[in-house]
Amino acid sequence: MPRRHIRVTGAPKAPLRAALAALRTELGVPGAFPAEVQEEAERAAKAPALPSYDATDIPFFTLDPPGTTDLDQATHLSRRGTGYRVRYAIADAGAFVAPGTALDAEAHRRVNTLYFPDEKVPLHPFVLSEGAASLLPDRTRPAVLWTIDLDAEGRTVVADVRRALVRSRAKLDYAGAQRRIDDGTAEEPVALLAEIGRARERLEVERGGISLNVPEQEITARDHTYELSYRAPLPADAWNAQLSLLTGMAAADLMLAAGTGILRTLPTAPDGAVARLRRTATALHIDWPHHMSYAALIRTLDPHRPDHAAFLQECTTLLRGAGYTVFRDGALPAITSHAAVAAPYTHCTAPLRRLADRYASAICLAALAGQGTPDWVLAALDALPRQMADGSRIAGTVERGCVDIIEAALLKDRVGEVFEGCVVDLSDHEPTVGTVQLDTPAVIGRIEGESLPLGERLRVRLVGADPGTSKILFTPV
């Protein structure tokens with residue numbers, strides 16, 4: 001779930017904030033927490049269920065976008081003979097949220113943290129998500145600690161998970177970590193991020209997995225206004241993502257061995273979807289030899305190039321069938337793998353922001369301890385896929401809706417101007433309707449016109465921009 005960390009200021013009734021408030025109302029986004037839930041959270045923050053195992057001597061670090069305060073993961077990397085040891089601490093939401101409480105029920109109602117430019121709508125009250133449960137630096141916190149030993153090639157040798165007290169020593173952001181790694185000033189636990197990350201990327205290639213480095217639209221406040229730009233992920237983003245994937249794969253393997261769990265699954269893309277992508281590649285003048293697999297092609301693309309970035313954005317359509325699959329009592333589901341990961345995988349690394357992760361951790365902890373899955377987990381398991389699907393749909397609508405509103409607000413005074421861009425998509429049913437990606441500002445909007453040239457550069461005129469409806473419209477010049 002992208003975390004754009006943009007902020008809109010100004011009076012609540014200002015047009016931009018009014019449009020964002022209207023979006024929240026339209027989507028039925030929860031407001032303030034009920035008093036009972038807030039009170040439970042405050043009590044839990046003062047008296048969490050603490051583990052006996054103390055791992056506070058390990059100098060963990062966190063790696064997140066700047067300004068992030070709901071810190072789900074902390075990492076420590078070290079050498080182990082010719083291989084490596086990955087310690088991955090995950091905020092222990094279960095130490096604060098007891099089953100059957102008002103706090104638990106509210107989390108099931110919210111499902112995900114939602115990020116708006118002017119405010120955040122958290123899964124748990126801020127006293128937990130940005131306070132007592134967050135892996136903030138120099139604070140002792142309860143965590144679900146994964147210890148995963150890898151061989152020299154980065155393959156998992158053994159994985160362990162237990163509850164532990166941890167203490168992060170440093171709060172890093174991606175750009176800062178990348179600079180330290182590149183200039184050789186990073187200490188070994190951070191420097192190894194590149195070594196282990198690259199090893200895991202090589203294994204991803206070997207098993208046929210896919211990581212899409214799709215440039216994001218990034219919105220930043222500047223001089224009382226806002227700017228849109230495209231941000232291509234740094235290598236450190238990808239290396240850190242590999243650690244999360246590694247942990248999610250270890251958790252999935254553990255649940256499959258135990259016979260009960262919740263997986264993140266994605267079926268193989270149908271031939272028709274891949275054929276459509278081949279047509280898009282042709283239109284964008286991207287060379288895709290018939291003998292080259294989709295996964296191999298992705299690794300040849302440069303997200304800094306507009307045509308490649310447009311194609312990478314189109315590739316996300318193959319991920320739309322992802323969902324959550326539950327199983328129990330050894331009755332494994334028909335699909336246990338995630339096609340993009342090319343292995344069994346589960347979400348377990350973001351429990352402060354995603355409901356299902358707390359359940360995945362509880363199942364894994366019980367399995368490795370040789371205990372049965374807790375009754376409270378089994379009671380909620382069957383409803384989780386539907387709840388998570390609803391939450392994911394709302395989160396996606398919020399993300400796109402917020403960017404649409406910002407785009408319309410930035411362009412509302414520029415109606416009639418001409419911009420340079422590229423048509424990156426055409427409607428299957430209406431060939432006169434498509435999507436245009438501008439060079440600058442970093443806007444992706446609707447275009448209408450005869451004979452739209454898919455994949456070709458063209459000049460377009462802005463004919464409409466309304467922040468109230470979050471609609472923008474271009475036509476070819």
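Predicted model: local features only at pLDDT ≥ 70, side-chain atom pairs only at ≥ 80, totals over all residues.

User: Fine. In what order do the strands of the closed barrel run?

Analyst: The order is β12-β13-β14-β16-β15, a closed barrel of 5 strands with mixed pairing. From one strand to the next, the twist averages 55°.

User: And how many bridges join β15 to β16?

Analyst: There are 6 bridges between β15, residues 457-466, and β16, residues 471-476. The two strands run antiparallel. For a landmark, take glycine 464, whose bridge partner in β16 is leucine 473.

User: Which helix packs on that sheet?

Analyst: That's α13, residues 384-411. Helix α13 touches β12, β14, β15 and β16, and its direction makes about 65° with that of β16.

User: Where is proline 441, by the way?

Analyst: In the loop between β13 and β14. The bond joining threonine 440 and proline 441 is a cis peptide, with omega about -5°. Most peptide bonds are trans.

User: What about valine 111, what's its phi?

Analyst: Positive, about 70°, although valine 111 is not a glycine. Valine 111 lies in the loop between α3 and β4.

User: Which residues of α2 and α3 meet?

Analyst: From α2 you have Glu36, Val37, Glu40 and Ala41, and they meet Ala102, Leu103 and Glu106 of α3. By class, that contact has 4 nonpolar and 3 charged residues, with no polar ones.

User: Now α6 and α7. How far apart are their axes?

Analyst: 8 Å, with a packing angle of about 65°. Helix α6 covers residues 188-207 and helix α7 covers residues 235-258. Their crossing is left-handed.

User: What's in the contact of α6 with α7, by class?

Analyst: It has 10 nonpolar, 3 polar and 5 charged residues. On the α6 side, the residues include Leu193, Ile196, Arg200 and Glu204. Among those in α7 are Trp239, Gln242, Leu246 and Met249.

User: Switching topic: how many cavities of 30 Å³ or more turn up?

Analyst: A search of the whole structure finds 1.

User: Which residues line the cavity?

Analyst: Phe60, Ala74, Leu135, Leu136, Arg139, Arg141, Val166, Arg167 and Ser168. Split by class, the lining has 5 nonpolar, 1 polar and 3 charged residues.

User: And which element gives the most to that lining?

Analyst: Strand β7, residues 156-172, with 3 residues.

User: Great, that's what I needed.

Definitions and conventions
Residues numbered from 1 in each chain as written. Heavy atoms only, no water. 1 Å grid on protein atoms, 1.4 Å probe; cavity = no way out; pocket = protein on both sides within 12 Å on 5 of 7 lines; lining within 4 Å. Points joined across faces, edges and corners; volume = space filled by probe spheres on them. Helix = DSSP H or I, 4+ residues; strand = E, 2+ residues; numbered from the N terminus. Nonpolar A, V, L, I, M, F, W, Y, C, P; charged D, E, K, R; others polar. Contact = heavy atoms within 4.5 Å. Pairing = 2+ DSSP bridges. Axes fitted to C-alpha atoms, helices over the stretch in contact; angles between N-to-C directions. Left-handed = near helix turned anticlockwise from the far one by under 90°.
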